[in-house]
Amino acid sequence: MKITNFPIEFEQALPILRSIEAAGFEAYFVGGSVRDTIMGRKIHDVDIATSAYPEEVKKIFNRTVDTGIQHGTVMVLDHGNGYEVTTFRTESTYQDYRRPDEVTFVRSLKEDLKRRDFTINALALSEDGQVTDLFSGLDDMEHKLIRAVGEAEERFNEDALRMMRAIRFSSQLDFDIEPATEDAIHGHAYLLEKIAIERIHEEFVKMMLGTRPNLGLEKMIETKLTDYVPGFKAEHLALKKLLALDLTPESEIEVWTIFAYVFGYNQSTTTKFMREWKSSNQLTEEVARATELLTKVTANKVDNLALYQAGEVAVIAADHVAQIFGLDVETKVLINQYSKLQIKSKKDLALSAKNLLMENVYQPGPELGKVLQYLEENVVNNNLNNTYDDLLASAKALKEEGSN
């Protein structure tokens with residue numbers, strides 16, 4: 001196969017390939033960027049593989065950075081862009097199911113492609129557009145199949161995360177997993193416990209934001225990978241309930257809100273769940289708020305204060321997840337109701353603590369905090385107008401009531 005029209009990302013990187021070849025070495029675009037170019041998908045990272053060893057690459061270019069030189073990777077800086085150039089290599093055993101015990105640099109493209117995960121990723125593209133396909137990746141692409149390079153058991157023993165990657169690609173590309181590869185995932189699912197949860201987290205979110213998240217989740221259940229990720233093993237009935245829905249999350253917050261809600265979590269258990277997945281504090285807080293809001297939607301207890309406490313990001317997520325679950329709330333009702341709030345945060349109040357102190361209405365202390373909370377909640381519930389004069393008058397009235 002020959003590609004005649006390169007995407008702009010490859011066009012910009014062609015001088016790197018040509019410089020390496022001019023020095024007497026081989027150089028190719030490799031991996032997912034080649035796959036996505038053939039499929040007409042937007043490419044993200046441009047990866048280059050070469051027969052030149054790292055020190056030889058550094059001699060060819062004026063500006064380089066040793067980003068992963070122990071594994072053969074040198075970053076070449078060119079006209080404001082950085083390109084990772086990696087030497088052809090073979091890898092030894094993987095005692096920890098994540099990283100090779102030893103990397104050996106080689107001059108052979110075939111040896112380099114043999115170590116890659118799936119046939120559709122074991123493709124190399126030369127600067128003249130010729131595709132090197134040694135493992136029938138193009139056929140698998142045509143038949144929409146995810147197939148391991150060589151023996152699937154070996155690939156998953158080398159890096160157990162590849163099992164999640166297979167399912168993620170299945171969801172993203174709407175491909176089936178070749179039976180022997182799927183069987184190997186089922187047989188080696190327990191190895192997922194050897195992988196850092198942060199790496200699983202990344203693959204899982206990409207899977208859920210793919211073209212067919214239902215397919216990805218179904219494959220995880222069938223291969224028992226769900227038994228080896230936080231919070232899922234005891235929730236098979238809830239997970240199967242999700243398979244009956246049209247899962248269309250549009251953000252990572254929505255992904256996790258879907259699971260926290262179907263698992264019946266409250267704010268506390270949602271927070272615990274998210275921490276087990278090593279989520280950021282901000283993501284954890286947003287998911288907990290969105291889940292809490294959905295619980296109130298289910299109980300028909302959504303009011304202005306509930307929306308205000310959730311915040312805009314959680315409201316948007318909850319609104320869409322409510323549609324996914326078919327809850328009794330019209331599309332964008334929550335968003336529209338939130339947009340009509342007089343204030344979206346405490347700093348939007350027309351009257352501040354500083355104002356009350358300057359007006360000599362209150363002195364510093366707990367009473368000042370309580371009156372500000374009172375004003376905030378009443379503005380949110382439209383019992384007060386968010387104007388300086390109205391809020392000041394209300395604060396003074398509260399002061400007088402407390403003095404009587």
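Residues are numbered from 1 along each chain as its sequence is written, and side-chain values use heavy atoms, without hydrogens and water. Because the model is predicted, local features need pLDDT of at least 70 and side-chain atom pairs count only at pLDDT 80 or more, whereas totals for chains, interfaces and linings use all residues.

A nonpolar core is a set of buried Ala, Val, Leu, Ile, Met, Phe, Trp, Tyr and Cys residues joined through side-chain atoms within 4.5 Å. Buried means under 20% relative accessible area, exposed over 50%, and partly exposed in between (1.4 Å probe, protein chains only). The largest core holds 116 residues. Phe29, Phe204, Trp256, Phe259 and Leu356 touch the most other members. Helix 12 (residues 252-262) supplies the largest share of this core, eight residues. Helices (H or I, at least four residues) and strands (E, at least two) are DSSP runs, numbered from the N terminus. Another core, of eight residues, lies apart; among them are Ala49, Val106, Leu109 and Leu113.

Trp256 is in contact (heavy atoms within 4.5 Å) with His201, Phe204, Val205, Phe273, Met274, Trp277, Leu283 and Val287, leaving aside neighbours within four places in sequence.

Thr132 is found in strand 9 (residues 131-133). Not counting residues up to four places away in sequence, Thr132 touches Tyr28, Leu109, Leu113, Ala122, Leu123 and Ala124.

Lys296 lies in helix 14 (residues 281-298). From Lys296 to Ala306 is ten residues in sequence and 8.0 Å in space, C-alpha to C-alpha.
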